[in-house]
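Subject: Structure for your review

Dear colleague,

Please find below the structure that I am handing over to you.

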Amino acid sequence: MSPIRFRRSKPLAPHEVDVVIYLREHCHLCTQALGVVRSVVGDNFRTIDIDTPGVPAEIRTRYAQTIPVVCVNQVVVGELFISERQLRRAIGQKRRWWHI
């Protein structure tokens, strides 16, 4: 199942963005995805470890082979690998060419 691709007409305000990363412990791709997400949205995201007790079996089954999975407002925007460009595009941000 490939991620849904879309274009957003206007950028979302930080309080309108719900970024969730489905991951598991000891996963090097998950560590990379966390770095990318943190560089784009700071600490404005949630993580869900799919191996944690209480996580629905449906989620575990769906994402077991494709983690990390990054979702923005409940839409999958990246599986296995996520780039800053993909994530910025999903939330409607332009790339910053400078750092403050």
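**Strand β1 and its partners**

Strands β1 and β3 run antiparallel and are joined by 4 bridges. Please note that this description rests on a predicted model. Within this pairing, I21 stands opposite V70 of β3.

β1 also pairs with strand β2, residues 45–49, here in the parallel sense and over 5 bridges. In this second pairing, Y22 is placed opposite I48 of β2. Together with α1, the strands β1 and β2 form a right-handed β-α-β unit.

In soluble globular proteins, nonpolar side chains tend to be buried together. The largest nonpolar core in this model has 31 residues, and the members that touch the most others are V19, Y22, V37, Y63, V70, V72 and L87. At least two residues of this core come from each of β1 (19–23), α1 (28–41), α2 (57–63), β3 (69–72), β4 (75–79) and α3 (84–91). The largest share, 8 residues, is supplied by α1.

Apart from its neighbours within four places in sequence, V37 is in contact with V19, I21, G42, F45, V70 and L87.

C71 lies in strand β3. Is C71 buried or exposed? Its relative accessible area is 5%, which is under the 20% limit, and therefore C71 is buried. Not counting residues up to four places away in sequence, C71 touches D18, V19, V20, Y22, Y63, V76 and V77. F45 is 26 residues from C71 along the chain, and the C-alpha atoms of these two residues are separated by 9.8 Å.

C30 also counts as buried, because its relative accessibility is 3%.

A disulfide is a covalent bond between the sulfur atoms of two cysteines. How many disulfides does a search of the whole structure find? The search finds 0.

Yours sincerely,

A colleague

How values were computed: Residues are numbered from 1 along each chain as its sequence is written. This is a predicted model: local features need pLDDT of at least 70, side-chain atom pairs count only at pLDDT 80 or more; totals for chains, interfaces and linings use all residues. Side-chain values use heavy atoms; hydrogens and water are left out. A nonpolar core is a set of buried Ala, Val, Leu, Ile, Met, Phe, Trp, Tyr and Cys residues joined through side-chain atoms within 4.5 Å. Buried means under 20% relative accessible area, exposed over 50%, partly exposed in between (1.4 Å probe, protein chains only). Contact means heavy atoms within 4.5 Å. Two strands pair if DSSP finds at least two bridges between them. A crossover is right-handed if, with the strands pointing away from the viewer, the path from the first strand over the helix to the second runs clockwise. A disulfide is a pair of cysteine sulfur atoms within 2.5 Å.
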